[in-house]
Amino acid sequence: MIKYFFLIALMALSPTFSLAQEVRVLSVIDGDTLRVVDSEEQAIKIRLYGVDCPELGQHSGTRAKEFAKNILQNKRIMVQSQGKDRYGRTVAIVILEDGRSLQERLLRAGLAWHYGQYCRQLRHCSRWKILEYYARQQKLGLWSEERPVPPWKRRHNQKGQRGK
């Protein structure tokens with residue numbers, strides 16, 4: 001009995017272990033943010049872990065949203081929570097019916113950046129970095145643009161302009 005308690009405690013404290021929860025997708029807000037409802041009908045706002053899609057006002061932002069919407073609309077998915085962000089959203093890895101992650105699909109299509117600053121899970125992040133590199137080399141999605149602006153730089157520039 002005691003060894004099971006320690007095993008459960010160890011898994012709970014491990015930064016790479018998280019239980020997956022099945023949810024139903026309500027809506028796609030943008031390429032990397034969605035609303036879901038859990039088994040208790042509680043609405044949850046999900047921010048994708050480890051990737052950053054173009055903002056809706058950016059080139060490819062609407063494409064990223066529509067891509068995610070086509071994959072997720074009215075689907076049941078699994079989410080592996082990685083915690084909460086400063087806006088109270090659940091940051092999660094989204095697992096699709098085929099076992100792949102939404103993050104992987106977005107990166108493979110060239111519709112997201114690997115968000116290295118916040119991506120710490122070596123198992124996923126190293127693979128996602130390679131998928132971004134592949135999409136860049138193939139000039140897929142946003143990588144077909146001459147100089148795509150990462151959304152974190154755009155957000156930073158917008159904050160600076162509001163302060164003037």
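Which elements do the buried residues of α4 pack against? I started from this question and kept it open until the model itself had been checked.

**Entry 1: the model and its confidence**

I noted that this is a predicted model, in which local features need pLDDT of at least 70, side-chain atom pairs count only at pLDDT 80 or more, and totals for chains, interfaces and linings use all residues. Residues are numbered from 1 along each chain as its sequence is written, and side-chain values use heavy atoms, with hydrogens and water left out.

I looked up the confidence next, pLDDT being the predictor's confidence in each residue, from 0 to 100. The chain averages a pLDDT of 85, and 83% of the residues score at least 70. Over residues 1–17 the pLDDT is below 50, and this stretch has 5 contacts in the model beyond near neighbours in sequence, where a contact means heavy atoms within 4.5 Å. Where pLDDT is low, the predicted coordinates should not be read in detail.

**Entry 2: the chain as a whole**

I listed helices (H or I, at least four residues) and strands (E, at least two) as DSSP runs, numbered from the N terminus. The chain holds 5 helices and 7 strands, and along the sequence they follow the pattern α-β-β-β-β-α-β-β-α-β-α-α. Of the 164 residues, 41% count as buried; buried means under 20% relative accessible area, exposed over 50%, and partly exposed in between (1.4 Å probe, protein chains only). Among contacts between residues at least 6 apart in sequence, 59% join residues at least 24 apart.

**Entry 3: helix α4**

I returned to α4, which has 17 residues and reaches 24 Å from its first C-alpha to its last, close to the 24 Å expected at 1.5 Å a residue; the expected span is 1.5 Å times one less than the number of residues. In α4, H124, C125, W128, L131, E132 and A135 are buried. They cover an arc of only 120° around the axis, which puts them on the same side of α4, the arc being that of the directions from the helix axis to the C-beta atoms. On the other side of α4, L122, R123, K129, I130 and Y133 are exposed.

The opening question can now be answered: the buried residues of α4 pack against β4 (51–52), β5 (76–84), β6 (90–95), α3 (102–108) and β7.

I also looked at R123, which counts as exposed at 61% relative accessibility. Its side chain makes a polar contact with the side chain of H124 (2.9 Å). A polar contact is a pair of N or O atoms within 3.5 Å; within protein, one must be able to donate a hydrogen and the other to accept it, and residues adjacent in sequence count only if both atoms are side-chain atoms. After α4 comes K139, whose phi is positive, near 55°.

**Entry 4: helix α2**

I found that α2 has 12 residues and reaches 17 Å from its first C-alpha to its last, close to the 16 Å expected at 1.5 Å a residue. Within α2, G61, A64, A68, I71 and L72 are buried. They cover an arc of only 100° around the axis, which puts them on the same side of α2. The cover over the buried residues of α2 includes β1 (20–30), β2 (33–37), β5, β6 and α3.

F67 is also in α2, and with a relative accessible area of 23% it is partly exposed. Not counting residues up to four places away in sequence, F67 touches R105, L106, A109 and L111. Just after α2, N74 takes a positive phi of about 60°.

I searched the whole structure and found 2 aromatic pairs; rings of Phe, Tyr and Trp (its six-membered ring) pair if their centres lie within 6.5 Å, with planes under 30 degrees apart counted as stacked, over 60 as edge-to-face and the rest as tilted. The rings of W113 and W143 have their centres 5.3 Å apart and their planes at 70°, so this pair is edge-to-face. Both W113 and W143 are buried.

D52 lies in strand β4 and counts as buried at 0% relative accessibility. The side chain of D52 makes a polar contact with the side chain of R47 (3.1 Å). Q58, in the loop between β4 and α2, has a side chain that reaches the backbone nitrogen of E55 at 2.8 Å.
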